[in-house]
Protein chains: 2
Amino acid sequence: MSCKTILASKVSASFRTQIKEDIKERNIRPKLVGFLANEDPAAIKYAEWTAKTCAETGVEFELRKATKLELEGKITEANEDKSVNGIMVYYPVFGGKQDLYLQSCVSELKDVEGLCHKFVHNVYHNIRFMDSTETMKCIIPCTPLACVKILEYIGVYNPVMPYGNRLYGRTIAVVNRSEIVGRPLAAMLANDGAKVYSIDVTGVQIFTRGSGIKLAAHQVEDTELTAEQVIPQCDVVITGVPTPNYKLSTSLLKDGVIAINFSSFKNFEEDVKTRASIYVPSVGKVTVAMLERNLLRLHDYQNDLTEKKE
Amino acid sequence: MSCKTILASKVSASFRTQIKEDIKERNIRPKLVGFLANEDPAAIKYAEWTAKTCAETGVEFELRKATKLELEGKITEANEDKSVNGIMVYYPVFGGKQDLYLQSCVSELKDVEGLCHKFVHNVYHNIRFMDSTETMKCIIPCTPLACVKILEYIGVYNPVMPYGNRLYGRTIAVVNRSEIVGRPLAAMLANDGAKVYSIDVTGVQIFTRGSGIKLAAHQVEDTELTAEQVIPQCDVVITGVPTPNYKLSTSLLKDGVIAINFSSFKNFEEDVKTRASIYVPSVGKVTVAMLERNLLRLHDYQNDLTEKKE
């Protein structure tokens, strides 16, 4: 079979090395606090990975357990605690809209996951800096950012093109339109020039910057097209359906497609490699590397702001 | 029957008169823009009431229709348009978490509904001002505020008690724990001193400031108690279940209870008046008066800020 399987550990290796060296050279010890308020196996696994990767790279990681009802108070404490550089929450907590409320309770200067309203809003509007003087780059939500880094690694982003337009000409499906991953990911890929089909149970939407990428940021259109009609047109198919029952039929995939799965369940069928040119079965380890990358950035912003005050 | 039915129109009358006089005396014409992006009959009715009340009181109201996908862009335009003093959205739009994202897209200086993250957060934490110099009072979400004004009108708030503790000794059930109404309402009533049972399909939570109202803001505890166990203990029962199928059994109600319904469906049974001392079948007209009250406040904040800049 000519399909190449790319593991997340391989993509994340250079990021981990870079973070480790950076921390060592500068003799710093950034601190990340992770809050676990559920018994979700995927969340617990993600917490274990975070702990392991942080230990390897020199980041101080502290896992704090909380009940759902204690969580907001504990986030507020961590927001105010100067020894904490970054805060993350292993979602779901309540599972519904209250989780979005919680996401915005994390201070934007400590939001390593990039999930507070301001960061998500800026992703949608292709606003790349968080301050008006453009000294502080925005924090990008981790899992969408991990997908972008994987796409860069496997050559979907074309470095011959100008920065910001490197997906021009690409057609990508994102199967999941959650507020945490699927919608920001579709927006980011479209902002970088791709034509993106955003697919969920309610139907298909098209995210683009218009023909000839004429717009500064993407716009979204509804379409009557179905997943079955659009997936065969896609160069890249990215799935993130959080259930073991969903399987994207290999027969829909274009020959030579790039297949990436960010769900903790296998969303592609066993025979996906008979059709794909590149298959990335999971992204979690890259997500954790992105968390650390965001942590370092926020650590520096916090220090810069402290220096300015002094 | 000794039950007194109180109509929202009666409670809202004095507010409407006050707003009308204020607008006339000061010779101002505050402008409210409402966005309708659905065909929901309850939303359309609410929009009609807003238009009618605004016409009566001297507020300029403009209803703008939009598709779901156009809405965010149109909100941003209205945020930036100096001729617009207040913005509201007739929810639901997408119906899920994306609606919470939209709520925070409304500028806090124009958010007449009080649904952006900052205002909701401040309600939960009993923070009453939006600025550190305490010159601008927070905007309170309209429907919860309407319920509070109704409770004041019918004497549940005890003016003999100090401001902020006027519900001390009251036990209140709120049947609905949405992020838009039920949860902020339960928090506000508990912040004012009540013991509140917040009830939804997932169970019962208790919101209180602790025994002897020792805390500055409410805390929330889970309880194993069921709705059937707690409702008979309540002096006031407030319902807001958005379905015609839900009926709270009159047999559960304490004799002489105060029954208030903010759902657009009748959540109490036909015979509720055999048990209640006061019955408030709907709150919508008070909600619209609160929208206008919030609009006037934001209009003044906008003018004060413009004066400061000049």
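Reader: How many salt bridges does the rule find across the interface of chain A and chain B?

Author: Zero salt bridges turn up across that interface. Keep in mind that this is a predicted model.

Reader: OK, and how much area do chain A and chain B bury between them?

Author: About 2000 Å², with 61% of it on carbon and sulfur atoms. On the chain A side, A:L69, A:K97 and A:Y101 lose the most area to chain B, and together they make up 34% of what that side buries.

Reader: How many residues does the contact take from each chain?

Author: It takes 22 residues from chain A and 22 residues from chain B.

Reader: Switching to chain A by itself. Which domains does the assignment give?

Author: Domain 1 covers 26-111 and domain 2 covers 144-283. The C-alpha centres of domain 1 and domain 2 of chain A lie 28 Å apart.

Reader: What does UniProt annotate on residues 8-113 of chain A?

Author: The unreviewed UniProt entry has "domain: Tetrahydrofolate dehydrogenase/cyclohydrolase catalytic" over that stretch. In the model, residues 8-113 of chain A are 53% helix and 16% strand, and the end C-alpha atoms lie 18 Å apart.

Reader: Now chain B. Are the faces of strand β9 covered or open?

Author: Both faces of β9(B), residues 236-239, are covered. B:V236 and B:I238 are buried on one side, and B:V237 and B:T239 are buried on the other.

Reader: Which strands does β9(B) pair with?

Author: Strand β5 of chain B, residues 171-175, pairs with β9(B) in the parallel sense over four bridges. Strand β10 of chain B, residues 257-261, also pairs with β9(B) in the parallel sense, over four bridges.

Reader: What does B:M1 touch, leaving out residues up to four places away in sequence?

Author: B:M1 touches B:K273 and B:T274. The C-alpha atoms of B:M1 and B:K273 are separated by 7.3 Å, though the two are 272 residues apart along the chain.

Methods. Residues numbered from 1 in each chain as written. Chains lettered and ligands numbered in written order. Predicted model: local features only at pLDDT ≥ 70, side-chain atom pairs only at ≥ 80, totals over all residues. Heavy atoms only, no water. Buried < 20%, exposed > 50% of the residue type's maximum accessible area, 1.4 Å probe, protein only. Helix = DSSP H or I, 4+ residues; strand = E, 2+ residues; numbered from the N terminus. Pairing = 2+ DSSP bridges. UniProt positions renumbered as here; feature names shortened; annotations may be inferred. Domains from an automatic or database assignment. Contact = heavy atoms within 4.5 Å. Buried area = accessible area lost by both parts, 1.4 Å probe. Salt bridge = Lys/Arg side-chain N within 4 Å of Asp/Glu carboxyl O.
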